[in-house]
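This report goes through a protein model step by step. Keep the sequence and the 3D view at hand while reading.

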There are 2 protein chains.
Amino acid sequence: MRIGEAAAAAGMTTKTLRFYEDSGLLPAAKRSPNGYRDYPDDSVARLEFIRRGRAAGLALTQIREILALRDAGEAPCAHVQDLLSNQLAELDHQISELMALRSIVAGLHATAASGTDASCDPEQICSYL
Amino acid sequence: MRIGEAAAAAGMTTKTLRFYEDSGLLPAAKRSPNGYRDYPDDSVARLEFIRRGRAAGLALTQIREILALRDAGEAPCAHVQDLLSNQLAELDHQISELMALRSIVAGLHATAASGTDASCDPEQICSYL
DNA sequence: CTTGACATTCCAGTGTAGGGGAAGGTTGAG
DNA sequence: CTCAACCTTCCCCTACACTGGAATGTCAAG
């Protein structure tokens, strides 16, 4: 498939795909005789993986690392296992940070929902934050 | 109070305060005869509000909107409540995406751990990482 | 044969949230 | 008097993740 198709299928722009290729998140696509990139169908799954990671707030560098590990396949390499362990630990850390932030925001939101407009003291900025 | 005092009281740098002024989050402070900014005491409360908003993951543009409502004499509480709702929903989305990715990485790790030959040359196999 | 929708590369700009450091003015202490 | 610690404006720099646009090439349809 050409870059426009792949981009549309993944809900991205062609610019983004070329950027991801430059950034090492996508392997360089093979080219048609006319020089156009020709993507295999499973590129869309890879792009969607990247999209999910981005939606989760991961940086492209972290997504790139995870993809590189995934690309390493079945290599029973101790080094790769260590890297995967580190990724898992990092993901756990990020999840717990996000959950902590969530509970803070949930508390603020509950306070805001329980109050009336009268509880918003004009002298203060806003009692809810 | 001078900018350094206000910044220290709010746990920020003087750079940040000037940046906030340029960005419309802080009104332009009145100046002492020597040209130094002279902040009223309640600026610290405003800065702490900004800090709390940032800590809750709000962008400066959102915080600016809240402050603008308050400065216009309106109680921004309903608006804040909306922002907090959105923030909560976004956090929930991010957390669920992160947990989905975590389970993918956990699967890779389990697969890698089930392999046999644990000794390999990190230089050779994993050099692309 | 031309038009329009694709594609290519390359360079440059955007927005976010500040940080670095120069060049100079002001103030209090020793 | 000098020195350090403040302050001022000014401009550039950072990282991240794209985005825009120019100049050019390719290709199917009318």
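## Chain A as a whole

In chain A, 40% of the contacts with a separation of 6 or more are between residues 24 or more positions apart; a contact means heavy atoms within 4.5 Å. The model is predicted: local features need pLDDT of at least 70 and side-chain atom pairs count only at pLDDT 80 or more, while totals for chains, interfaces and linings use all residues. Residues are numbered from 1 along each chain as its sequence is written, chains are lettered from A and ligands numbered from 1 in the order in which they are written, and side-chain values use heavy atoms, with hydrogens and water left out.

Chain A has 5 helices and 2 strands, in the order α-α-β-β-α-α-α along the sequence. Helices (H or I, at least four residues) and strands (E, at least two) are DSSP runs, numbered from the N terminus. Of its 129 residues, 40% are buried. Buried means under 20% relative accessible area, exposed over 50%, and partly exposed in between (1.4 Å probe, protein chains only). The accessible surface of chain A is about 6,900 Å², and carbon and sulfur atoms make up 53% of that surface. Such areas come from the Shrake-Rupley method with a 1.4 Å probe; for residues, only the protein chains shown count as cover.

## Helix H3 of chain A

Helix H3 of chain A covers residues 43–55, and its 13 residues should span 18 Å at 1.5 Å a residue. The expected span is 1.5 Å times one less than the number of residues. The end C-alpha atoms are 18 Å apart, which agrees.

Which residues of H3(A) are buried? They are Ser43(A), Val44(A), Arg46(A), Leu47(A), Phe49(A), Ile50(A) and Gly53(A). These buried residues pack against H1 (3–10), H2 (14–22) and H4 (60–71) of chain A, together with H5 (77–114) of chain B. Just after H3(A), Gly57(A) has a positive phi of about 90°.

## Rings and a charge

The charged end of Arg70(A) sits over the ring of Phe49(A), 5.2 Å from its centre. This requires NZ of Lys or CZ of Arg within 6 Å of the ring centre and within 35 degrees of the ring normal.

Over all chains there are 2 aromatic pairs. The rings of Phe19(A) and Tyr20(A) have centres 6.0 Å apart and planes at 45°, so this pair is tilted. Rings of Phe, Tyr and Trp (its six-membered ring) pair if their centres lie within 6.5 Å; planes under 30 degrees apart are stacked, over 60 edge-to-face and the rest tilted. Phe19(A) is partly exposed at 46% relative accessible area, whereas Tyr20(A) is buried at 7%.
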